[in-house]
Amino acid sequence: MKVVEIMKIAVVYDKEQNLKPLDDGEVLAIIDDEKKVVEQYENPGFQMSKEASMDAILSLGAEAVVVREKFLCPGSYAMSVGRLKYIPSKFTRLKEVLDNLEELKKSSSEELEPEMYAEDYEEM
């Protein structure tokens with residue numbers, strides 16, 4: 001069994017605590033697994049850019065970020081690859097992430113499949 005030593009995990013969500021893409025959630029939180037607290041911050045990239053959110057995540061010292069498909073973009077992924085781990089999640093709410101944190105940490109990876117961060121160009 002792999003031992004996972006991730007202590008600071010970033011997650012972005014809305015006021016109802018639904019997980020959101022980096023530029024679509026008002027709240028940027030750092031789950032501090034060592035202190036067992038969730039530090040909440042205003043997301044500087046909200047309705048602006050995923051890159052601005054990723055910059056804040058990196059500056060807050062996160063070691064990992066919880067992601068679902070389309071939560072990142074090629075730019076935010078390029079900024080963060082090699083600097084933090086990615087935790088793909090099937091969960092959609094903050095409480096579910098907190099309740100399943102140990103299981104989620106085991107699924108962390110250094111890289112993501114391209115479909116996880118690819119832009120959806122069909123909308124253009």
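Predicted model: local features only at pLDDT ≥ 70, side-chain atom pairs only at ≥ 80, totals over all residues.
Let's start in the loops. Gln 17 isn't a glycine, yet its phi is positive, at about 65 degrees. You'll find Gln 17 in the loop that runs between β1 (8–13) and β2 (27–32), and it is partly exposed, with a relative accessible area of 31%.

Gln 47 is another non-glycine residue with a positive phi, this one near 55 degrees. Look for Gln 47 in the loop between β3 (37–42) and α1 (50–59). With a relative accessible area of 64%, Gln 47 is exposed. Then, just after α1, there is Gly 61, whose phi is positive at about 80 degrees.

## What α1 packs against

Now for the helix itself. The buried residues in α1 are Lys 50, Ser 53, Met 54, Ala 56, Ile 57 and Leu 58. What do the buried residues of α1 pack against? Their partners are β1, β2, β4 (64–67) and α2 (74–80).

## Salt bridges

The count of salt bridges comes to 8. One of them joins the side chains of Asp 32 and Lys 35, at 4.0 Å from N to O. Asp 32 has a relative accessible area of 3%, so it counts as buried because the cut-off is under 20%. Lys 35, at 56% relative accessibility, counts as exposed.

Over in helix α3 (residues 94–99), Lys 95 and Asp 99 sit 4 residues apart, about one turn of the helix. Their salt bridge has its closest N and O atoms 2.8 Å apart.

Helix α4 (residues 101–106) holds Glu 102 and Lys 105, which are 3 residues apart, about one helical turn. These two form a salt bridge with the closest N and O atoms 3.5 Å apart.

## A negative patch

Finally, check the surface for Glu 69, Glu 111, Glu 113 and Glu 115, which gather in a patch of negative charge. Glu 69 comes from the loop between β4 and α2 and is partly exposed, with a relative accessible area of 49%.

Technical notes: Residues numbered from 1 in each chain as written. Heavy atoms only, no water. Helix = DSSP H or I, 4+ residues; strand = E, 2+ residues; numbered from the N terminus. Buried < 20%, exposed > 50% of the residue type's maximum accessible area, 1.4 Å probe, protein only. Contact = heavy atoms within 4.5 Å. Patch = residues over 30% accessible without salt bridge, like charges linked within 9 Å, V, L, I, M, F, W, Y side chains within 5 Å. Areas by Shrake-Rupley, 256 points an atom, 1.4 Å probe, with all protein chains shown as cover. Lys, Arg positive; Asp, Glu negative; His and termini not counted. Charge placed at Lys NZ, Arg CZ, Asp CG, Glu CD.
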